[in-house]
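Me: Please take a close look at one strand of this model and the elements around it. Then place that part within the whole chain.

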Amino acid sequence: MLRFLILFSLLIHSCVAPPKTKAAAGTLPAKKWLTLSGKEPAVVARGGFSGLFPESSATANDLAISSSSPDLTMLCNLQLTKDGAGFCLSDIRLDNSTTISTFFPKGQKTYKVYGQNLKGWFALDYSADTIFSNVSLVQNIFSRPSIFDGQMAIAAVEDVLDTKPPKFWLSVQYDAFYMEHKLSPAEYIRSLRFNGINVISSPEIGFLKSIGKDARRAKTKLIFEFKDPEANEPTTNKKYSEILLNLAAIKVFATGIIVPKDYIWPIDSAKYLKPPTTVVTDAHKAGLEIYASGFVNDMLTSYNYSYDPSAEYLQFVDNGQFSVDGFISDFPPTASQAISCFAHQKRDTPKIGKTLVITHNGASGDYPGCTDLAYQKAVDDGADVIDCSVQMTKDGLAFCLDSADLIPTTTAATTLMTRATSVPEIQSKNGIFSFDLTWAEIQSLKPQIQSPFLAADGFPRNPKNKNAGKFMTLADFLKFSKAKAVTGVLINIQNAAYLASKKGLGIVDAVKSALTSSKLDMKVLIQSDDSSVLDSFKAVPQYTRVLSIDKEIGDAPKPTIEEIKKHADAVNVLRSSLVTISQSFATGKTKVVEAMHKGNISVYVSVLRNEYLSITFDYFSDPTVELATFIAGNGVDGVVTEFPATATRYLRSPCSDLYRELPFAILPAKAGTLVSVASKEAQPPASAPNPPLDAKDVIDPPLPPVANLATNNASGGAPPASLRSGTIATTANLSLSLIAMLALGLLLSA
């Protein structure tokens, strides 16, 4: 336990909060809440930080208190042992959340609980000494970390109370079951004299009435919990949906209610929000507080939230119509930041700091990338820089799309599979490439949203709009950017050498011409993985040239920095080049940002996504904590994201300013600390450090001239081979390119 406490003192992202000065100190303006009391909603931690550590373990409780709002409420679900001792765990069966089946392999029994036969290991079959001395906790949700399993003790109720949490909430789920077996939760609570217990809740009316007098004397709130609408309440045998129709009757024995969140905002079968019910306003009219339960960061809820857990909380407290009085959450820091940092934020609130929010194909997390709708959403969401990855059509038109292969981002696979070809210079698998189709053919297709976690994990993006929007030419993109007065544009240029030598398409010239014609008066970033492409724009000093580094690196030695500075003003690096990852844990921080900044090179990090599957456990499965880690913790100059709304909301919040004296701040994670809490045997194996970027990997051969392939294309002959240019130097050399050009000349003169 001492080891856990020592490590825990480091765990709360401690390395990043700079000293606060009086000059920087300040307070947030008072917010007006639509809660029953007019005060801010409560954050109730179900079993501590159970989204990360096993439920109600000492570590889960400590982390919840340290990382959440100062007025946090700790919720303990009461279970009773054979001899009447109380401990904290949600499920009446212990086998899914403890190691009990390992110690007592023949201890499985079947009991009838609320009319259902349940099979498992039950607490009432074991003494307190047996439970506390032999059994330890495990994480009972398989998408959460398992490396802490079997290492943390079950917490007695008294143990949690002894830590003196700001507030303590005792949930009694199974009073009737325990009473049937001669164990009384009410008598157990009376033995504690209600000391330190601020709230008691139960889905059983009889239990709440039985302790009402004692609770009133102790000034302990009683809360009635609603279960599934079609389930029967044990005391009255009425369905919870029927009880909901008479909230005034609940006011007789309780001061509030808990409802599952979909009682308030129902979700249809397609996973989109329906209109809200009136349950919150009805409860408030009856003089009852209302708490919403079921909040987690690591489950698919409604597509309306764009995989952003903070957006879900805000839907319940900042909708202009009503506010719940509190949340019951497995991830209390996320609930805390939604309430303390994001609620009532205005769209015109200026961002704090100079970090750029740069899109990746527009707001491509919500709409098909590089479409008019994706760009409009990005502008509405407050992105600083919107991007266009330029592709070329067969007839020489430049347009915006993530890649030259149309299969991932359009419906080409359904109509044009006969046009699929192999282009190993661009990718290893076959594709349907834009440079083999005319603009008219491409316009006959529909855009298609990219869902990076659909195939393997079943997490689609915004299915209702998966084919919405229109493709945009580069010229139209620039015209749109000018009309919307964005801060800047990023033009990403890919495959320039291949297009010039094999397809006779001058993508660099097309970009230059479009930029000249647009007469933009804004920040222009030219990005490429090809240093020779960036060199082509050296004559326009007002452009920021960005070198895209598409492999993992761990450092940039001085010779490499000097080489980069010859070609670029900034670099765009992978997330894993700044924070190394092993089995979804952040294991280390590299020297990349420090080295680049010493050389006066800006650093952008990409690509940030909201889906929890792409976010390490250290970031609490929360995209906002990942943003804080890269911006406040690593000091990047820009974040490249598919969900710009999440990034701009964070940067507009005063909680992103670590120099400001506030009750709550969004702190970055310290890589390597969380994983060190686990025993050595359980930790993932150490991975090899990322290699430093070598100066030779920055240098690319000069771009070949644009070949005249008109005769060749007309006859159907294949154009000559040439070198593919990229950030990482290939083994081919310029001599091969010259030979190819010579062969082309001979072929054309024949």
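Reply: In this predicted model, Y604 stands opposite G638 of strand β22. Strand β22 covers residues 638-641, and its partner here is β21, residues 602-608. The two run parallel and are joined by 3 bridges; strands count as paired if DSSP finds at least two bridges between them. Helices (H or I, at least four residues) and strands (E, at least two) are DSSP runs, numbered from the N terminus.

β22 also pairs with strand β12, residues 356-359. That pair is parallel too, with 4 bridges, and T359 stands opposite T641. Along β22, G638 and V640 point one way, while V639 and T641 point the other way. All four are buried, that is, under 20% relative accessible area with a 1.4 Å probe and protein chains only; over 50% is exposed, and partly exposed lies in between.

Now the wider setting. UniProt, in an unreviewed entry, places the feature "domain: GP-PDE" at residues 41-339 and 355-651; such annotations may be inferred rather than shown by experiment. Residues 355-651 are 31% helix and 20% strand, with end C-alpha atoms 8 Å apart. For residues 41-339 the figures are 28% helix and 19% strand, with the end C-alpha atoms 7 Å apart.

An automatic or database domain assignment divides the protein into domain 1 (42-93 + 155-342) and domain 2 (356-697). Their centres, taken over C-alpha atoms, are separated by 41 Å. The contact (heavy atoms within 4.5 Å) takes 28 residues from domain 1 and 29 residues from domain 2.

As for confidence, the mean pLDDT (the predictor's confidence in each residue, from 0 to 100) is 92, and 91% of residues reach 70 or more. Over residues 711-750 the pLDDT is below 50, and this stretch has 56 contacts beyond near neighbours in sequence. Residues 1-26 stay under 50 as well, with 59 contacts beyond four places in sequence.

Two notes on method. Residues are numbered from 1 along each chain as its sequence is written, and side-chain values use heavy atoms, leaving out hydrogens and water. Local features need pLDDT of at least 70 and side-chain atom pairs count only at pLDDT 80 or more, whereas totals for chains, interfaces and linings use all residues.
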